[in-house]
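Subject: A structure for you to look at

Hello,

Here is the structure I promised to pass on. Please open it first, and then read my notes below alongside it.

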Amino acid sequence: MKSPRAYIVADSKSCLYTLFPATFLICLVVFFAVSISSQSCNQKLSSWKMEKHDVAEIDQCKNQCRPRGSEALPVGIVDNTSSFEMKPLWELPKRKRRHTVDVKANTTNLFAMAVGIKQKDLVDKMVKKFIESNFMVMLFHYDGIVDEWKDFEWNDRVIHVSAINQGKWWFAKRFLHPDIVAEYDYIFLWDEDLGVENFHPNKYVSIIKHEDLEISQPALDPKKSEVHHQITARGRRSTVHRRTYKPANGGKGCDKSSTAPPCTGWIEMMAPVFSRPAWRCVWYMIQSDLIHAWGLDMQLGYCAQGDRTKKVGVVDSEYIVHYNRPTLGGIDKTKVTSKEKDHRVDVRRLSYQELDVFRKRWNKAVEEDKCWVDPYQ
């Protein structure tokens with residue numbers, strides 16, 4: 001007969017044998033539960049990372065700067081600038097050989113001028129100089145005469161734009177948009193009645209680059225030119241000057257303490273030269289309906305990309321002659337029988353009227369723009 005203790009031990013062993021499968025089953029269930037939970041967490045973490053990546057991509061796309069109107073296009077196909085370089089009509093350009101120079105591809109400056117056939121002698125000399133210096137040349141024909149320029153060998157190498165009785169600034173506002181001329185480092189926007197015997201375009205560009213001039217003009221030969229403003233007269237002892245120390249035409253004196261146009265930070269509008277960023281600013285300031293742009297010269301300093309007393313200047317070593325032969329709106333006085341009316345007086349009258357309009361617009365814009373701070377108060 002077994003003792004009570006033996007029965008207790010036997011019962012305990014029986015219980016243990018019974019518990020082992022149950023414990024094993026519970027452990028197995030717990031293991032699978034933890035495993036599934038872990039996989040679920042990993043999937044959630046992975047999903048969270050993907051969602052975060054997607055959100056980042058969406059944010060990047062939202063912040064992407066696209067030219068207005070190009071939103072429907074893939075970014076890589078958008079070509080938002082242009083130039084005046086002419087392309088062959090019937091054949092693809094030949095591949096460049098190594099160590100060769102494509103002359104047209106190195107055309108980095110633009111010369112534009114409003115012209116009439118009566119000034120063809122002066123225009124011819126200017127165009128030749130700038131083409132020889134590898135400039136792109138653009139002629140604005142205000143008299144509508146284009147075919148009579150075909151006699152010149154350079155005729156097919158320049159861009160011709162024609163519109164009857166329109167001024168230089170009218171053409172510039174419509175055909176020299178900053179995005180169109182973005183390929184060019186400097187934009188020369190000149191009148192037609194200038195002499196360039198002592199002017200060399202590439203030397204001039206080298207000087208304004210060295211002097212860090214964003215807006216400039218060549219000086220006028222005081223002996224041969226009609227000088228309207230003292231600051232434009234050539235100084236023989238300097239390469240560049242940025243101010244004048246003599247009284248201006250209005251009788252106001254200019255000295256070292258002068259900080260405003262026309263004593264400093266100023267050029268005349270007959271032969272201006274603009275850097276690419278300066279021209280982008282100036283183009284926005286040109287008013288579409290004010291074709292003579294009078295008053296614009298006094299505000300050019302705001303587009304000088306810095307201190308106008310340093311960034312605006314007149315180049316003395318490369319100078320021109322101003323013959324003062326305006327023909328826009330005039331008649332050919334050599335034709336005695338001509339019944340045309342001479343509109344030069346009307347042109348001058350409108351110029352003064354536009355000057356007054358521009359000044360009023362500027363003052364109104366300054367008053368209304370509460371966020372704008374005038375750096376030249």
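In helix H3, the buried residues are Lys 168, Trp 169, Trp 170, Phe 171, Ala 172 and Lys 173. Here "buried" means under 20% relative accessible area, "exposed" over 50% and "partly exposed" in between, with a 1.4 Å probe and protein chains only. H3 spans residues 168-175, and six of its eight residues are buried, so the helix is largely enclosed by the rest of the structure. Those buried residues pack against strands S1 (109-115), S2, S3, S4 (186-190) and S8 (273-275), and against helix H5. Contact means heavy atoms within 4.5 Å. Helices (H or I, at least four residues) and strands (E, at least two) are DSSP runs, numbered from the N terminus.

Before going further, a word on the model. It is a predicted one, in which local features need pLDDT of at least 70 and side-chain atom pairs count only at pLDDT 80 or more, while totals for chains, interfaces and linings use all residues. Residues are numbered from 1 along each chain as its sequence is written, and side-chain values use heavy atoms, with hydrogens and water left out. The average pLDDT (the predictor's confidence in each residue, from 0 to 100) is 84 for the chain, and 75% of the residues score at least 70. Over residues 98-105 the pLDDT is below 50, and this stretch has six contacts in the model beyond near neighbours in sequence.

**Strands**

Two strands pair if DSSP finds at least two bridges between them. S2 (residues 136-141) pairs with S3 in the parallel sense over four bridges, and His 141 stands opposite Ser 162 in S3. S3 covers residues 159-162; Ile 159 and Val 161 make up its covered face, His 160 and Ser 162 its uncovered one. In a regular strand the side chains alternate between the two faces of the sheet.

In S6 (residues 215-220), six of six residues are buried. S6 runs antiparallel to S8, joined by two bridges, with Ile 215 opposite Phe 274. S6 also pairs with S9 (residues 312-322), in the parallel sense over six bridges; there, Pro 218 has Val 315 as its bridge partner.

**Rings and charges**

The whole structure holds 26 aromatic pairs. Rings of Phe, Tyr and Trp (its six-membered ring) pair if their centres lie within 6.5 Å. One aromatic cluster is formed by Phe 111, Phe 130, Phe 135, Phe 188, Trp 190, Phe 199 and Tyr 204.

A charge sits over a ring if NZ of Lys or CZ of Arg is within 6 Å of the ring centre and within 35 degrees of the ring normal. Lys 173 lies over the face of Trp 283, 3.7 Å from the ring centre. The charged end of Arg 308 sits over the ring of Tyr 376, at 3.8 Å from its centre.

**Disulfides**

With a disulfide taken as a pair of cysteine sulfur atoms within 2.5 Å, the count is two. Cys 254 is joined to Cys 263 (S to S 2.0 Å), and both cysteines are buried. The other bond joins Cys 281 to Cys 303, also with S to S 2.0 Å. This pair links distant parts of the chain, 22 residues apart: Cys 281 is in H5 (residues 276-285), and Cys 303 is in the loop between H5 and helix H6 (308-311). Its S-S torsion is about -65 degrees, so the disulfide is left-handed. Cys 281 is partly exposed, at 27% relative accessible area, whereas Cys 303 is buried at 1%.

Enjoy exploring!

Technical notes:
Phe/Tyr/Trp six-rings, centres within 6.5 Å; stacked < 30°, edge-to-face > 60°.
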